[in-house]
Amino acid sequence: MYFDSHAHLCDEKFDSDREAVIARMRDAGVTGMMEVGCDRASSLSAVRLAERYGWCWAAVGTHPDSAPEVTPALLEEYRALCQNPRVRAIGEIGLDYHYPDNPPREIQQAAFRRQMALAQELGMPVIVHDRDAHGDCLEIVSEFPQVRGVFHCFSGSLETAQELVRRGWYIGFTGVVTFKNARKAVEVAEWTPLSRILIETDCPYMAPEPHRGQRNDPSLVPLMAKKIAELKGIEEEQVAKATWENARKLYRLP
Ligand code: NI
């Protein structure tokens, strides 16, 4: 039994065959999934998906790419959505400095801080997107010491991972950990205690080997468990069980 801790099954890339993907995922033993919003529209879709399927839970939030949409009115909407028992986290939120034409850094930081403040106020865990912004992400999460969550698709240094684990955060691993040139992700996965690891597809992106470059989907999350088991020299089943339990704890699932 596997838990995909970060999926975007509402993405339009699944519009033509979503039911078939869900059937395949169930056949693969994936019995839990967190559907993560990236903006207002996908957050609302995530809640609808989680209301429809008992194995699915939702995170609502705005990705740094859409940071300018984070107004007081939208924060009120997210606050209301968080009252829905199917909503278990705020995310994905964070900083993305990779593309020069992304929203200005100050706007991303303001949107991140407002959503962190909401998480703190509501006692919700967060899902953090950090791309090429490790220092600033760590600094902003430090401003909200009560908030815990996961740095998803972790791409930072071993030192950053160690600092996060020390503070009680989780580290999320995608298909990147299976890539042949994934030296850094491998190093972090080898070090990170099993009790702090989440596995995720981040589908439709980040497909693991041997599907790299293709559309990803939740039925492939066992490949991440398999790779982490190899790195740690333990059974895949042990990784599957621990990561399900970690997701259950972080997202406070029944
Ligand atoms: Ni994502």
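This is a predicted model: local features need pLDDT of at least 70, side-chain atom pairs count only at pLDDT 80 or more; totals for chains, interfaces and linings use all residues.
Residues are numbered from 1 along each chain as its sequence is written. Local features need pLDDT of at least 70, side-chain atom pairs count only at pLDDT 80 or more, totals for chains, interfaces and linings use all residues, and side-chain values use heavy atoms, without hydrogens and water.

**The nickel ion**

Four residues supply the protein donors: His-6 (NE2), His-8 (NE2), Glu-92 (OE) and Asp-202 (OD). They lie 2.2 to 2.3 Å from the ion. Donors are N, O and S atoms within 2.8 Å of the metal (3.2 Å for Na, K and Ca); water is not among the atoms, so sites may look incomplete. In sequence, the spacing of the donor residues is H-x1-H-x83-E-x109-D. His-6 sits in strand β1 (residues 2–7), and Asp-202 in the loop between β8 (197–199) and α8 (221–232). The two are 196 residues apart, so this pair links distant parts of the chain. Helices (H or I, at least four residues) and strands (E, at least two) are DSSP runs, numbered from the N terminus. Both His-6 and Asp-202 are buried.

Buried means under 20% relative accessible area, exposed over 50%, partly exposed in between (1.4 Å probe, protein chains only). Contact means heavy atoms within 4.5 Å; residues up to four places away in sequence are not counted here.
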